[in-house]
Amino acid sequence: MARRRLVAEVAAWLALVLTLTVAAQAQPPRTTNFLSPRVHDQLEAVHAAMARDDYDQAGRLLDAIAKRKTSAFEAAVVWRTRGYIAAQREDYRTAIAAFAKAVDSGVLEARAANDLMFNIGQLHMALDAVAPAIQWLERWRSAEAVPSNQGLMTLAMAYAQAERLAPALDAARAALTNGQRPQAGWYGFAAGVAVRLERWRTAERWLAQGVLLYPDARRLWVHLASLHAETGAYDKALATLQLAEARGLLDQPNEIRFLTQLTVNERVPVLGARVLHQTLAGAAEPAGSEAADTAPTDPGAAGSGAGDSGGAGSGAVDTAAALDLLSSAWSAARETDKARAALVRAAPRVGHGRLWFRLGQLRLGDEDWAGAADAFARALAGGDLTNPGAAELNYGIALARAGRPDAALVALRRARGHAGVAAMAETWIADLAAGRAFD
């Protein structure tokens, strides 16, 4: 992009030079800023060589011009042209030096000199030389009656790269308020700098203005919602994401999960559950997942349950996380059937037993004893449980309720070894030993 801009500037500059030359030939010059016919013709040859990408020939032609006596203006023009050639060759240091000589000659038109200052700043940025970039860009800013917002934002980015956040925010503010239409991403940049300065209201203002000017800029909506959440304004965060979702802008899994979690936090879980459900509705059910979920399992059997989640890649884990959140949202909305259906899809996709444990709890509530026993068995086989003792206890209870007292005793005796559930396990063991029926 920088290369195309430089080529375009060469053409524009040569057009200006030709205009000045024609005027000089038509009437006696009133200033020294003109080209002699000889230098004019030689520069035309330089331009032709550059158009052919023959920069070696262009350089030789410039050397020929420089060897003969030239005016200060002609010498500055030669330096400027050398800078363009060096920039085209990506020899940025040589380009910077040549442009600087042209600027410091003091004989170029103001517009031409200002453009070169800006180019020098950009070239320093390309070399990661931030300090001199800032110096030249500030020099450009001071010379311009109305600095362009593109240039001001370049200056803001240079300051930010130098970790000089206050002047970065000042330059960004100038870019966003100088009457020229800013780019959408600039609002996000300005807000990001304001956040780093802990100027939360300023960040909120820029993001709010950004979504008003660019209502389809997804990232601005998400950033604004994140800012609201970070400052504890969860109601505003939820409202912001709902507006973005209504415009059809939320298409990333993490954004949908963010919206769903906010609806749960703000006690309107059904809204988020519906959005997340619609997002996941097109996902294919994993082959055999229903059968795997209902197949009898025992934690004592080698590898039982683990095969249901083996080989899950990051995509599967992401989907499982979304389904887990969907289940939580439906549960909070008291939609138990939908919560269970989400867990049925999610549990086989992960490499741990925590989702199976939650599914078992839901099935206990539904008095589906056999299904609950199967889910707790898979939870224990999958492992990585927050409370394995509770899983053993619930597994034993489910087996007892399902009419399998012998298997229930085995599980309950294991549960007895966990301090948090030992007393309840003893109670169930005593009830089973007394022959009480639970089915």
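# Helices, loops and buried residues

User: In which helix does Ala-133 lie?

Analyst: Ala-133 lies within residues 130-143. This is a predicted model: local features need pLDDT of at least 70, side-chain atom pairs count only at pLDDT 80 or more, and totals for chains, interfaces and linings use all residues.

User: Is Ala-133 buried or exposed?

Analyst: Ala-133 has a relative accessible area of 0%. Under 20% counts as buried, over 50% as exposed, and in between as partly exposed (1.4 Å probe, protein chains only). Ala-133 is therefore buried.

User: Which residues does Ala-133 touch, not counting those up to four places away in sequence?

Analyst: Touching means contact, with heavy atoms within 4.5 Å. For Ala-133, the residues touched are Gly-121, His-124 and Met-125.

User: How far apart in space are Ala-133 and Asn-119?

Analyst: In sequence, Ala-133 and Asn-119 are 14 residues apart. In space, taken C-alpha to C-alpha, their separation is 9.5 Å.

User: How many helices does the chain have?

Analyst: Helices (H or I, at least four residues) and strands (E, at least two) are DSSP runs, numbered from the N terminus. The chain has 0 strands. Its helices number 23.

User: What share of the chain is buried?

Analyst: The chain has 439 residues. Buried residues make up 45%.

User: What span should helix H9 have?

Analyst: H9 covers residues 165-177, which is 13 residues. The expected span is 1.5 Å times one less than the number of residues.

User: What covers the buried residues of H9?

Analyst: The buried residues of H9 include Leu-165, Ala-168, Leu-169 and Ala-172. Their cover includes H7, helix H8 (149-161), helix H10 (184-196) and helix H11 (200-213).

User: Which residues does Thr-202 touch, not counting those up to four places away in sequence?

Analyst: Thr-202 lies in helix H11. Thr-202 is buried, with a relative accessible area of 11%. The residues that Thr-202 touches are Leu-169 and Ala-194.

User: What is the phi of Glu-90?

Analyst: Glu-90 lies in the loop between helix H4 (72-88) and helix H5 (92-104). Its relative accessible area of 56% makes Glu-90 exposed. Most residues other than glycine have a negative phi. Glu-90 is not a glycine, yet its phi is positive, at about 60°.

User: Where is Asp-128?

Analyst: Asp-128 has a positive phi of about 60° although it is not a glycine. Asp-128 is exposed, with a relative accessible area of 57%. Its place is in the loop between helix H6 (110-126) and H7.

User: How do H21 and H22 run relative to each other?

Analyst: H21 (residues 388-401) and H22 (residues 405-415) have axes 8 Å apart and pack at an angle of about 160°. Axes are lines fitted to C-alpha atoms over the stretch in contact, with angles from 0 to 180 degrees between N-to-C directions. Under 35 degrees counts as roughly parallel, over 145 as roughly antiparallel, 65 to 115 as roughly perpendicular and the rest as oblique. H21 and H22 are therefore roughly antiparallel.

Terms used
Residues numbered from 1 in each chain as written. Heavy atoms only, no water.
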